[in-house]
Amino acid sequence: LSGIDFIDEKEAICVFYQLLSTKLKKRMRVKCFVKNGEFLQSVTKLFKSANWSERELYDMFGVLIKNHQNLKRILMPDDWFGYPLLKTYPLQGDEKAKWYEIDKIFGKENRDKFKEENRDSAFVDSKDYFNFAKLYHESEYGKPPSNKASIQEYQEDGGVPLVKKAKMQKFKTIKKRR
């Protein structure tokens with residue numbers, strides 16, 4: 001279950017369900033357009049797995065689902081304004097989005113002590129690159145990957161050590177599946 005914003009062209013959200021019958025080995029796509037203010041009937045009585053998908057459709061697109069037992073936000077905070085997958089939603093987030101967690105935790109009066117949140121999904125800084133790269137194969141930011149192993153012992157600085165004293169020579173790389 002998902003949706004596509006066609007508000008400019010058709011003044012509606014295109015909602016589609018993709019169904020699969022493993023017993024009959026058949027696939028089916030049900031597609032409809034839901035205009036602003038209209039309701040879509042919930043299918044959770046037929047398909048229990050549609051519960052979270054319908055909540056996500058509401059949360060991301062604002063599509064109202066009639067007879068859904070728990071229609072509330074599932075990904076965004078309950079007090080979030082707007083629907084992030086609409087084409088009219090600002091690409092970098094709005095002013096509230098840039099400061100949401102800072103305002104919630106520390107208050108608006110403390111904004112000058114922090115940087116605004118980065119809402120660019122393609123943004124990677126050198127710290128992110130170093131701490132989440134392949135263990136023992138980190139490269140300096142902006143430089144080509146090196147063949148020598150680094151001395152990092154844990155996946156994250158200050159985090160819970162997932163691997164204690166990992167040594168590269170104790171592991172082997174599996175090149176093909178059995």
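The model is predicted: local features need pLDDT of at least 70, side-chain atom pairs count only at pLDDT 80 or more, and totals for chains, interfaces and linings use all residues. Residues are numbered from 1 along each chain as its sequence is written, and side-chain values use heavy atoms, with hydrogens and water left out.

## Overall fold

The protein chain has 4 helices and 5 strands. Helices (H or I, at least four residues) and strands (E, at least two) are DSSP runs, numbered from the N terminus. Read from the N terminus, the order of elements is β-α-β-β-β-α-β-α-α. Of the 178 residues in the protein chain, 26% are buried. Buried means under 20% relative accessible area, exposed means over 50%, and partly exposed lies in between (1.4 Å probe, protein chains only). Among contacts with a separation of 6 or more, 30% come from residues 24 or more positions apart. Contact here means heavy atoms within 4.5 Å.

Three strands build an open sheet, ordered β1-β2-β3, with antiparallel pairing. The edges are β1 (2-6) and β3 (26-35), and each pairs on one side only. Neighbouring strands of this sheet are turned by 20 degrees against each other on average, direction ignored. Axes are lines fitted to C-alpha atoms, for helices over the stretch in contact, and angles run from 0 to 180 degrees between N-to-C directions.

Helix α2 (residues 50-61) packs on the sheet and touches β1 and β2. Its direction makes about 25 degrees with that of β1.

Strand β2 covers residues 12-21 and is joined to β1 by 5 bridges. Two strands pair if DSSP finds at least two bridges between them.

## The nonpolar core

The largest nonpolar core has 18 residues. Such a core is a set of buried Ala, Val, Leu, Ile, Met, Phe, Trp, Tyr and Cys residues joined through side-chain atoms within 4.5 Å. I13, V15, L40, L57, F61, V63 and W80 touch the most other members. At least two residues come from each of β2, α2 and α3. Helix α2 gives the most, with 4 residues.

Beyond its neighbours within four places in sequence, L40 contacts V15, Y17, C32, V34, L57, V63, L64, I65 and K66.

## Salt bridges

The chain has 3 salt bridges. The rule asks for a side-chain nitrogen of Lys or Arg within 4 Å of a carboxyl oxygen of Asp or Glu.

| R73 | D59 | 2.4 Å |

R73 and D59 form a salt bridge at 2.4 Å. This pair links distant parts of the chain: R73 lies in the loop between β5 (64-66) and α3 (95-106), and D59 in helix α2, 14 residues apart. R73 counts as buried because its relative accessibility is 10%. D59 is at 0%, so D59 counts as buried.

## T44

T44 sits in the loop between β4 (39-41) and α2. T44 is buried because its relative accessible area is 9%. Its side chain makes a polar contact of 3.0 Å with the side chain of S42. A second polar contact, of 3.3 Å, reaches the side chain of Q69. A polar contact is a pair of N or O atoms within 3.5 Å; within protein, one must be able to donate a hydrogen and the other to accept it, and residues adjacent in sequence count only if both atoms are side-chain atoms. Not counting residues up to four places away in sequence, T44 touches A50, N51, E54, H68 and Q69.

## Positive phi

K25 is not a glycine, yet its phi is positive, at about 55 degrees. K25 is in the loop between β2 and β3. At 74% relative accessibility, K25 counts as exposed.

N67 also has a positive phi, near 65 degrees, in a residue other than glycine. N67 is placed in the loop between β5 and α3. N67 is exposed, with a relative accessible area of 53%.
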